[in-house]
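Please find my notes on this model below.

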Amino acid sequence: MTRIFSGVQPTGNLHLGNYLGAIRNWVRLQRDHESIFCVVDMHAVTVWQDPVELSKSTREVTAAFIAAGIDPETCVIFNQSAVPGHAQLAWVFNCVARMGWLNRMTQFKEKAGKHKENASVGLFAYPALMAADILLYKATHVPVGEDQKQHLELTRDVAQKFNNDYGREVFPITEPLILGEATRVMSLRDGTKKMSKSDTSDFSRINLTDDADLIAQKIRKAKTDPEPLPNDVAGLEDRPEAANLVGIYAALADKNREEVLAEAGGWAFSQFKQALTELAVETLGPMNAEMARLLEHPDEIDAILRRGAERAQAIAGPVLDEVYDTVGFLRV
Ligand code: TYM
């Protein structure tokens with residue numbers, strides 16, 4: 001049996017990287033796999049979040065899931081804090097994971113920056129909570145973008161150590177699913193930096209809420225080099241901006257990069273950007289409209305989250321019981 005689990009933090013606007021690296025793959029996987037998708041609000045508060053914005057963003061991410069094509073009937077969609085087992089299992093995993101493992105996490109180093117002493121304990125323990133998210137449902141596969149690879153390796157280490165320490169095969173060893181041509185979408189302003197919600201320049205990313213004009217403007221202003229597009233993938237080497245735009249185009253068109261370059265090799269960027277804009281607007285436009293429609297009915301979104309949390313709890317409850325029994329926590 002396979003079971004998919006994945007999550008997104010409700011920390012501001014979702015962008016094209018979140019969509020192409022993760023959410024779009026979930027839409028395909030949901031057809032053949034039992035799927036659980038989580039808005040990870042507890043991860044969000046590892047750095048300061050305005051409470052009003054956090055609730056708003058939780059509804060927005062939920063709306064984005066549904067607008068992108070996740071079916072709330074067949075999939076479980078919920079917010080992390082609504083199922084207490086995430087925090088409960090995370091505590092057990094805090095005691096399984098080693099300081100040395102967490103010290104190696106590049107995301108912590110990036111996010112804590114020079115002020116490590118001032119980072120929250122939660123930010124340091126973040127990957128243990130992530131392991132708990134996944135293993136609370138004994139998920140077998142986790143579809144994510146490339147930046148989450150290290151966290152998923154830690155999840156496997158936690159599962160393995162727990163199973164070894166207690167001499168019982170409680171948890172599966174989860175497989176990451178890093179799929180498609182845009183597993184690491186880069187900034188439109190700098191092809192060596194990841195497209196990210198926290199970049200200070202809004203022109204570095206395409207947000208799922210951007211309208212057609214703004215998408216066109218951002219693509220027009222995207223950094224490029226002076227050469228025309230190469231005829232094959234080898235020609236993208238050392239051209240990070242070109243490689244990024246071709247990857248985005250390929251993912252949106254559902255082609256591979258070879259196919260895109262077979263067609264667009266030799267084009268000037270002005271022509272390619274025009275085609276990319278049309279494709280992006282075609283894909284994101286309807287999603288944008290559906291998100292806006294859903295957000296006019298917050299009660300419906302809340303009802304989906306409530307029902308999702310109940311269904312998630314029904315799966316998580318017995319797993320947490322098994323963990324508590326394994327650890328020797330007395331349940332009377
Ligand atoms: P988050 O919220 O940063 O991102 C959500 C998903 O989007 C992917 N992603 C990208 N993919 C390609 N290019 C990019 N530029 C890009 N930026 C983001 C991420 O890889 C991710 O799949 N720790 C996770 C959330 C999480 C989680 C989990 C994921 C918490 N618990 C359990 C899977 C399973 C995060 O911060 O994602």
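1. Start with Tyr137. Its relative accessibility is 0%, so Tyr137 counts as buried. The cut-offs are these: buried means under 20% relative accessible area, exposed means over 50%, and partly exposed lies in between, with a 1.4 Å probe and protein chains only.

2. On provenance: this is a predicted model, in which local features need pLDDT of at least 70, side-chain atom pairs count only at pLDDT 80 or more, and totals for chains, interfaces and linings use all residues. Residues are numbered from 1 along each chain as its sequence is written, and side-chain values use heavy atoms, with hydrogens and water left out.

3. Aromatic pairs number 11 in the structure. Tyr137 belongs to one of them: with Phe5 it forms a stacked pair, 5.5 Å centre to centre and 10° between the planes. Phe5 lies in strand β1 (residues 3–8) and Tyr137 in the loop between α7 and β4, so the pair ties together parts that are 132 residues apart in sequence. Phe5 is also buried, at 2% relative accessible area. For the terms: rings of Phe, Tyr and Trp (its six-membered ring) pair if their centres lie within 6.5 Å; planes under 30 degrees apart are stacked, over 60 edge-to-face, and the rest tilted. Helices (H or I, at least four residues) and strands (E, at least two) are DSSP runs, numbered from the N terminus.

4. Now a pair with another geometry. Tyr324 and Phe329 have ring centres 4.9 Å apart and planes at 90°, so this pair is edge-to-face. Tyr324 is buried at 18% relative accessibility. Phe329 is partly exposed at 36%.

5. There is a ring cluster to inspect. Ring pairs link Phe93, Phe162, Tyr166 and Phe171.

6. Phe203 deserves a look for its charged neighbours. Lys218 lies over the face of the Phe203 ring, 6.0 Å from the ring centre. The charged end of Lys221 also sits over the ring of Phe203, at 5.4 Å from its centre. The criterion is NZ of Lys or CZ of Arg within 6 Å of the ring centre and within 35 degrees of the ring normal.

7. Two backbone angles need checking. Most residues other than glycine have a negative phi. Lys138 has a positive phi, near 45°. Lys138 sits in the loop between α7 (121–135) and β4 (141–143), and is partly exposed at 25% relative accessibility. Asp238 also has a positive phi, of about 60°. Its place is the loop between α9 (212–221) and α10 (240–253). Asp238 is exposed, with a relative accessible area of 73%.

8. Which residue's backbone nitrogen does the side chain of Asp50 reach? That of Val52, at 3.1 Å. Such a polar contact is a pair of N or O atoms within 3.5 Å; within protein, one must be able to donate a hydrogen and the other to accept it, and residues adjacent in sequence count only if both atoms are side-chain atoms. Asp50 is in the loop between α2 (41–44) and α3 (51–68), and is partly exposed at 35%. Asp50 and Thr11 are 39 residues apart in sequence and 9.7 Å apart in space, C-alpha to C-alpha.

9. Last, the cysteines. The structure holds zero disulfides (a disulfide being a pair of cysteine sulfur atoms within 2.5 Å). For Cys38, the nearest cysteine sulfur is that of Cys75, 13 Å away. Cys38 is buried at 0% relative accessible area. Cys95 is partly exposed at 45% relative accessibility.
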